[in-house]
Amino acid sequence: MNNDDLFQLRRFFQPGIVSFLNLCKTHSYTKTANELQTSQSSISRAISELEKNLGFQLVERDTRPVKITPSGILLQHALLECQNVIENVVLTIHGENAAHMPLRLGIIESLLDCLAKPLLKNLKSDYSNALVLTAVSTHLLKLLDDDRLDFIISSKPFSHRKDLQRFFLFQEPSVLITPKSLKLAEPVTWERLKYCGLPQISHDKDSSGAAMEERLFSENGLDFVHQLDVNSNTLIVEMVAERFGWSLTRVTSLIRFPEFADQITVRQMPDPLVSREIFLIYKKTALTPMAEKIASEIRHAINDSIVPRMLDWTPWIKPYLFVQGEKPLERVPLFPSEHADRLISVF
């Protein structure tokens, strides 16, 4: 039994049973308390109360590591079988009533235009009403924690959060955008950018773009003059088009602005090439079949609409595009016949 099982069990069974099943796995009150984010005394009381209610002993007293009694082992096996039955029943009920459930979805700003409309259109038979919000990834996570959203599309995986489920959606490289009128000798280097005569336009400190830039520049000893910190991809593109400076961005942030194609030059960024990953994230207590549908629809949108528009801007990014494979966190190349000639760092 893994931790995912335990989070599911907490939806159906009293704390004593969840504590007991975890103790069967860890054979340690300390580890059980850590995994269930409570105290050892709470675990001990819960199991003692369960034994009192059942009328038989589950745990051998005064043994280390913890030893489960024969009666406890029989109960453990029966409870795990019950879990599978209950899970299947719940999924069936959810499936039959999906059309009566709301869709509460958060999307990072750079992908809002690309994904909101196709998701709402293609999933309309699966929800009763919809709420779509946009914000930076960290704020979307807060909205998820505050129970204002059920699913978020984020450029951060929040891997430290063990209470979250994730689908990898896709990976794309960062690109350099400069005003069309700016002449730069090839190959473009960080040194040539530093002395190009225009400042860098930075992402605002709360965005994932800012975190990527800070780490990239710090690890490579880079320092640029910049006059603008912007929290909107729209404004970044407009400012570059109007020759306020140059910036790093993603092609998905550009494809919404075909009107700027004649005013912006999109270039491969100098080494190291940096990519970002996009994830669908939801609580382990949320409805997994709906998450699977959202992930599937995003994959269709990527293949049918987003990538063709990206390649209109930057046909050379083919080797650096990755999408979800058969498993939720599996990454596979979108164009397996294309071979990358540069190493990729994922920030």
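Me: Start with the rings. How many aromatic pairs are there?
Reply: This is a predicted model. Ring centres must lie within 6.5 Å to count as a pair. By that rule the count comes to eight aromatic pairs.

Me: Take Trp190 and Phe217. Is this pair stacked or edge-to-face?
Reply: The centres of Trp190 and Phe217 are 6.0 Å apart. Their planes make an angle of 80 degrees. Planes over 60 degrees apart count as edge-to-face. So the Trp190–Phe217 pair is edge-to-face.

Me: Which helices does that pair link?
Reply: Trp190 and Phe217 are 27 residues apart and link distant parts of the chain. Both residues are buried. Trp190 belongs to helix 8 (residues 190–194), and Phe217 to helix 9 (residues 208–219). The answer is helix 8 and helix 9.

Me: What is the angle between the planes of Phe224 and Trp246?
Reply: Phe224 and Trp246 form an aromatic pair, 5.1 Å centre to centre. The pair is edge-to-face. The angle is 85 degrees.

Me: Where do Phe224 and Trp246 lie?
Reply: They are 22 residues apart, and both sit in loops. Phe224 is in the loop between helix 9 and strand 6 (226–230). Trp246 is in the loop between helix 10 (233–241) and strand 7 (247–250).

Me: Now the charges. How far apart are the closest N and O atoms of Arg104 and Asp147?
Reply: The structure holds 16 salt bridges, and Arg104–Asp147 is one of them. Arg104 is in strand 1 (residues 103–107), while Asp147 is in the loop between helix 7 (137–145) and strand 3 (151–154). These positions are 43 residues apart. The closest N and O atoms are 3.0 Å apart.

Me: Arg256 forms a salt bridge with Asp113. How many residues apart in sequence are the parts it ties together?
Reply: The closest N and O atoms of Arg256 and Asp113 are 3.5 Å apart. Arg256 lies in the loop between helix 11 (251–254) and strand 8 (264–268), and Asp113 in helix 6 (residues 109–122). So the pair ties together parts whose separation in sequence is 143 residues.

Me: Is Arg256 buried or exposed?
Reply: The cut-off for buried is under 20% relative accessible area. Asp113, at 47%, counts as partly exposed. Arg256 has 14%, so it is buried.

Me: Which ring does the charged end of Arg331 sit over?
Reply: A charge must be within 6 Å of the ring centre to count. Lys318 sits over Phe335, 5.1 Å from its centre. For Arg331 the distance is 4.4 Å, and the ring is that of Phe168.

Me: How many disulfides are there?
Reply: A disulfide requires two cysteine sulfur atoms within 2.5 Å. Cys114 is buried at 5% relative accessible area. Cys196 counts as buried at 15%. The disulfide count comes to zero.

Me: On to the strands. Which strand pairs with strand 1 over three bridges?
Reply: Strand 1 is mostly covered, with four of its five residues buried. It pairs with strand 2 (residues 130–134) in the parallel sense over five bridges. Leu105 has Phe151 as its bridge partner in strand 3. The parallel pairing over three bridges is with strand 3.

Me: In what sense do strand 4 and strand 8 pair, parallel or antiparallel?
Reply: Four of the five residues of strand 8 are buried, so it is largely enclosed by the rest of the structure. Val266 in strand 8 is the bridge partner of Ile177. Strand 4 (residues 164–179) and strand 8 share five bridges, and the sense is antiparallel.

Note on methods: Residues are numbered from 1 along each chain as its sequence is written. This is a predicted model: local features need pLDDT of at least 70, side-chain atom pairs count only at pLDDT 80 or more; totals for chains, interfaces and linings use all residues. Side-chain values use heavy atoms; hydrogens and water are left out. A salt bridge is a side-chain nitrogen of Lys or Arg within 4 Å of a carboxyl oxygen of Asp or Glu. Helices (H or I, at least four residues) and strands (E, at least two) are DSSP runs, numbered from the N terminus. Buried means under 20% relative accessible area, exposed over 50%, partly exposed in between (1.4 Å probe, protein chains only). Rings of Phe, Tyr and Trp (its six-membered ring) pair if their centres lie within 6.5 Å; planes under 30 degrees apart count as stacked, over 60 as edge-to-face and the rest as tilted. A charge sits over a ring if NZ of Lys or CZ of Arg is within 6 Å of the ring centre and within 35 degrees of the ring normal. Two strands pair if DSSP finds at least two bridges between them.
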